[in-house]
Each structure stands twice: as C-alpha cells, then as structure tokens.
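Let's take a walk through this protein together. Have the sequence and the 3D view ready, and follow along as each part comes up.

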Amino acid sequence: MRLSLFLVTLVVDDYDRAKRFYCDALGFECLRDEILDAGKRWVVVKPPGGTGAALLLAKADGEEQQAAIGNQTGGRVGFFLETDDFDRDHRRMQEAGVEFREAPRTEIYGKVAVFADPFGNTWDLIEHAA
C-alpha cells in the first residue's frame, strides 16, 4: 500500500494576496490557478523541488471560515518548510519582507526560525541536522 498526503487547505482572505506571498516572498511554484463558479478559484502552490504536500489556497466563505484565518492550528506552529540551505533561504525571505518572529536558533533536530504569513499562520523554516 502507498499513501501520500499531497494537498492541504489553507484558508485565506484573498486569493491574489496569498498567491503573491507564497509565490513571490517564499518562492513557491503556482501549480494551478483556475476560475470556478461563484467567484471561487482553485489555487495550488508548492515549494520548488519538494516532494511534500502542496497548499490549496482557499478564500474564506462565511463567518466561521473567516474566524479560522490565521488560526487554523489554534496558535501553534502549523506548517513546516524544510530547506537544504537555511542561511540562504532565511536571508532571501527576509529581503522579500517575510516576518520572522524570532532569531534563528539551533536545536538537536537542526537550524530553525519561526515566521508568519500575512494571515497570521506560523511556520518553521528548518534545515535538518545531518
């Protein structure tokens, strides 16, 4: 049996703002951006060269989904972006305006720093230890 997590929904307030952040600031690739009915779109972005899951950027529909924007994981770091060169990507992301919430630190599992997307979701940028 082979199973694979390939897509995770991230609720956002605006498709274009989300796409700009993930593609321009983080360097993700836009795999799909298709118009659906009722003003919805199917926007899928993914880190370049990665083998993990892609993100489906889904515009909030209704009060309950609006309330979840930026807090989909109850205040915990909910997303983890692995890099093969922490210093390069940390510097590039800072230059692109990404908000890091802490200075880089070294843990037993590798080099890491927490950053936030424009919606308030927190991420770890991680280069795993050898």
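This is a predicted model: local features need pLDDT of at least 70, side-chain atom pairs count only at pLDDT 80 or more; totals for chains, interfaces and linings use all residues.

Residues are numbered from 1 along each chain as its sequence is written, and side-chain values use heavy atoms, with hydrogens and water left out.

About 1100 Å² is buried between domain 1 and domain 2, and carbon and sulfur atoms give 75% of that. Buried area here is the accessible area (1.4 Å probe) that two parts lose on being put together, summed over both. On the domain 1 side, look for F21, A25 and L26: these residues lose the most area to domain 2, together 42% of what that side buries.

There's also a record to set beside this. UniProt, in an unreviewed entry, places the feature "domain: VOC" at residues 4–128; its positions are given in the numbering used here, feature names are shortened, and annotations may be inferred rather than shown by experiment. The span 4–128 is 22% helix and 38% strand, and its end C-alpha atoms lie 21 Å apart. Helices (H or I, at least four residues) and strands (E, at least two) are DSSP runs, numbered from the N terminus.

Now for the inside. In soluble globular proteins, nonpolar side chains tend to be buried together. A nonpolar core is a set of buried Ala, Val, Leu, Ile, Met, Phe, Trp, Tyr and Cys residues joined through side-chain atoms within 4.5 Å. The largest one here has 28 residues, and Y22, L57 and F115 have the most contacts inside it. Elements giving two or more residues to this core include β1 (7–12), α1 (15–25), β4 (54–59), β8 (110–116) and β9 (122–128). Which element gives the largest share of this core? That's α1, with six residues. The core draws at least three residues from each of domain 1 (1–63) and domain 2 (75–129). Zoom in on L57 and, leaving out residues up to four places away in sequence, you'll find that L57 touches L10, V12, Y15, A18, K19, Y22, V43 and V45.

Over in strand β9 sits D124. Is D124 buried or exposed? D124 counts as buried because its relative accessibility is 7% (buried means under 20% relative accessible area, exposed over 50%, partly exposed in between, with a 1.4 Å probe and protein chains only). Beyond residues up to four places away in sequence, D124 touches V77, F79, F80, L81, V112, A113, V114 and F115. D124 and E82 are 42 residues apart along the chain, with their C-alpha atoms separated by 8.1 Å.

Next, the cysteines. A search of the whole structure finds zero disulfides, a disulfide being a pair of cysteine sulfur atoms within 2.5 Å. C23 is in no disulfide, and its nearest cysteine sulfur, that of C30, is 5.1 Å away. C23 counts as buried, at 17% relative accessibility, while C30 counts as partly exposed, at 34%.

Strand β3 holds W42, which is partly exposed at 31% relative accessibility. Not counting residues up to four places away in sequence, W42 touches L7, R32, D33, E34, L36 and L56.

A38, in the loop between β2 (29–35) and β3, has a positive phi of about 60° although it is not a glycine. A38 is exposed, with a relative accessible area of 75%. T51, in the loop between β3 and β4, is exposed too, at 79%. Finally, Y109 is found in the loop between β7 (105–107) and β8, and is in contact with E127, H128 and A129, leaving aside neighbours within four places in sequence.

Technical notes
Domain bounds come from an automatic or database domain assignment. Contact means heavy atoms within 4.5 Å.
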